Amino acid sequence: MSVARRTLLTATASGTLLAALWFVPSANATGEHAVRDVPAAAPAHGAGEAGPTSGLRLADTGPGLDTTPYLIGGTALLGIGAGFVTYSVRRSGPRSAH
């Protein structure tokens, strides 16, 4: 199998994976449906609110969310990925025809 065909297969597999992930639904911390299985005597809370005794801790959302760890982690992983690509390209390098 030639190098060009292998590269084309890798690109096709990557594109297919990204296209499939496009359709994965995102999770939201706000509730769209009413809370079920709640006893009638219990105080009514919205789906996005945790009661004082429920012990639930929902994801923090809104403008006060600190995204610094996500930015640092994403940048680090992007750098590692770029390093692997660079290493791979340098390793393969130009080859002489036999």
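Predicted model: local features only at pLDDT ≥ 70, side-chain atom pairs only at ≥ 80, totals over all residues.
Me: What makes Leu17, Leu18, Leu21 and Val24 a nonpolar patch on the surface?
Reply: Patch members need over 30% relative accessible area and no salt bridge, and nonpolar side chains are joined within 5 Å. Leu17, Leu18, Leu21 and Val24 form such a patch, with about 410 Å² of accessible area together. One of them, Leu21, lies in helix α1 (residues 3-22).

Me: How do you know that the span of helix α2 (residues 68-92) agrees with its number of residues?
Reply: The helix has 25 residues, and at 1.5 Å a residue they should span 36 Å. The end C-alpha atoms of α2 are 36 Å apart, so the two values agree.

Me: Why is α2 called hardly covered?
Reply: Buried means under 20% relative accessible area. Among the 25 residues of α2, the count of buried residues is zero. Across the protein, buried residues make up 1% of the 98 residues.

Me: How many helices and strands does the secondary structure come to?
Reply: Two helices and zero strands.

Technical notes. Residues numbered from 1 in each chain as written. Heavy atoms only, no water. Patch = residues over 30% accessible without salt bridge, like charges linked within 9 Å, V, L, I, M, F, W, Y side chains within 5 Å. Areas by Shrake-Rupley, 256 points an atom, 1.4 Å probe, with all protein chains shown as cover. Salt bridge = Lys/Arg side-chain N within 4 Å of Asp/Glu carboxyl O. Helix = DSSP H or I, 4+ residues; strand = E, 2+ residues; numbered from the N terminus. Expected span 1.5 Å × (residues − 1). Buried < 20%, exposed > 50% of the residue type's maximum accessible area, 1.4 Å probe, protein only.
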